[in-house]
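Q: Could you walk me through how to read the features of a model like the one shown here?

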Amino acid sequence: FICWKCKCGTPYIDNDNFDANLEEAKKLLEEAGYPNGEGFPQIEYTTNDAGYHKVVAEYLQQAWAAIGIDLKVNIVEWASFTPMRRNGEFDVARNGWVGDYTDPSNILELFCTTNGNNDGKYTNADFDATIEDSRVTTDATTRSADLHKAEDTLMNDAGCIPIAYYNDSGCRAARSQDLGIQLTVTGTSCMQISQNKMTVQF
């Protein structure tokens with residue numbers, strides 16, 4: 001996350017150097033023993049059947065094909081998708097969260113080992129300890145540093161892979177004679193790799 005106050009933080013996604021990033025991905029695959037994706041097992045990406053999620057799945061299929069990885073898309077109705085994801089019955093799955101409040105902990109705490117919404121079953125003792133440190137400190141600067149450290153750990157482990165951010169705006173009036181109040185809800189979509197089914201090691 002990028003702190004609005006002090007502007008500290010790390011942008012994890014480089015949107016300005018697509019061609020260089022693509023070449024780097026190919027190089028890393030080759031170093032891992034999969035030149036041009038050869039020998040890399042097929043991956044199944046599971047998503048629900050609503051909204052823009054199908055379009056994102058199609059994009060991911062094309063993007064991974066560019067480095068030689070065969071991504072099979074599994075589109076599942078919502079009623080089946082949620083328990084399937086909760087049980088870790090996927091290779092890679094769409095996940096997401098709409099912030100309940102504007103604080104990085106709202107998203108980061110989802111990836112704590114014991115969090116019931118940690119569908120990928122991500123676990124890292126250092127991450128958990130850093131999140132706990134952020135909960136108990138009363139110093140805002142220390143708390144921010146703890147949250148940045150936890151985020152760095154999560155991103156370095158690929159505990160989730162951010163793929164899209166979205167805003168929904170609406171107008172709500174408590175009574176018909178009141179003026180509408182603009183509400184903006186910010187959410188994030190990410191991919192999670194199931195720790196239950198991980199077969200490829202890098």
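This is a predicted model: local features need pLDDT of at least 70, side-chain atom pairs count only at pLDDT 80 or more; totals for chains, interfaces and linings use all residues.

Q: How many disulfides are found in the whole structure?
A: A disulfide is a covalent bond between the sulfur atoms of two cysteines, and the criterion is a pair of cysteine sulfur atoms within 2.5 Å. The search of the whole structure finds zero.

Q: Is Asn-48 buried or exposed?
A: Buried means under 20% relative accessible area, exposed over 50%, and partly exposed in between, with a 1.4 Å probe and protein chains only. Asn-48 is buried because its relative accessible area is 3%.

Q: Which side chain forms a polar contact with Asn-48?
A: A polar contact is a pair of N or O atoms within 3.5 Å, where within protein one must be able to donate a hydrogen and the other to accept it, and residues adjacent in sequence count only if both atoms are side-chain atoms. The side chain of Asn-48 is joined to that of Arg-94 by such a contact of 2.7 Å.

Q: What span should helix H6 have?
A: Helices are DSSP runs of H or I with at least four residues, numbered from the N terminus, and the expected span is 1.5 Å times one less than the number of residues. Helix H6 (residues 140-156) has 17 residues and should therefore span 24 Å, which agrees with its end C-alpha atoms being 24 Å apart. Among the buried residues of H6 are Leu-147, His-148 and Glu-151, and just after H6, Ala-158 takes a positive phi of about 55°.

Key: Residues are numbered from 1 along each chain as its sequence is written. Side-chain values use heavy atoms; hydrogens and water are left out. Helices (H or I, at least four residues) and strands (E, at least two) are DSSP runs, numbered from the N terminus.
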